[in-house]
Amino acid sequence: MIQTEGILNLHPLTPLSSDENNFDVLTPGHFLIGRPISSIPEPFLTDVNENRLSRWQKTTKVVQLIWKKWKSDYLNTLQARSKWLAEKDDLRIGQMVLIKDDFLPINTWLLGRILEVYCGSDGKVRVVKVRTKSGNFKRIINKIAVFPIDTS
């Protein structure tokens, strides 16, 4: 239960700074304990057969499945765009975004800042160049999500 609570209270809400070199974010954990909640990394067990796991590993596997489902649902709600009702160009250079990556450990979010936007032939943003702590790379807009609270 505590690990599930940590998962729910660690999702990023908004950047703490507009500085392009700062990747710190405000989380619900900041309101609870004054800092982000941390967890100990454990090996992935979601693909291991149940009968090969100890009791602790089974518990860890359940937590990892909850994390996987929560992260997927949370990112999908952030990526929801009203396709036919209104145009929504909310991607700006310097803006911090969440980058969708299915292979991150529990309670880890890949954060980046938009360096460049690339538009398609219709003039809409299709690809962005993102800077993270580990380097720069391009991502299609389906693989990034804007923060739920925009401070600009």
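Reply: A salt bridge is here a side-chain nitrogen of Lys or Arg within 4 Å of a carboxyl oxygen of Asp or Glu. This is a predicted model, in which local features need pLDDT of at least 70 and side-chain atom pairs count only at pLDDT 80 or more, while totals for chains, interfaces and linings use all residues. Residues are numbered from 1 along each chain as its sequence is written, and side-chain values use heavy atoms, with hydrogens and water left out.

Me: Which residue meets Lys-61 in a salt bridge?
Reply: Side chains of opposite charge can pair when their charged atoms come close. In this model the N to O distance is 3.5 Å, and the partner of Lys-61 is Glu-50.

Me: How many residues apart in sequence are the parts that Lys-61 and Glu-50 tie together?
Reply: The salt bridge joins the side chains of Lys-61 and Glu-50. Helices (H or I, at least four residues) and strands (E, at least two) are DSSP runs, numbered from the N terminus. Lys-61 lies in helix H3 (residues 55–79) and Glu-50 in the loop between helix H2 (28–33) and H3, so the parts tied together are apart in sequence by 11 residues.

Me: Is Lys-61 buried or exposed?
Reply: Buried means under 20% relative accessible area and exposed over 50%, with partly exposed in between (1.4 Å probe, protein chains only). Glu-50, at 39%, is partly exposed. Because the relative accessible area of Lys-61 is 9%, this lysine counts as buried.

Me: What is the distance between the closest N and O atoms of Lys-129 and Glu-116?
Reply: Lys-129 lies in strand S5 and Glu-116 in strand S4 (residues 110–119). Lys-129 is partly exposed at 25%, and Glu-116 is also partly exposed, at 34%. Their salt bridge has its closest N and O atoms apart by 4.0 Å.

Me: Which side chain does Thr-132 join in a polar contact?
Reply: Thr-132 lies in strand S5 (residues 125–132) and is buried, because its relative accessibility is 4%. A polar contact is a pair of N or O atoms within 3.5 Å; within protein, one must be able to donate a hydrogen and the other to accept it, and residues adjacent in sequence count only if both atoms are side-chain atoms. At 3.2 Å, the side chain that Thr-132 joins is that of Ser-134.
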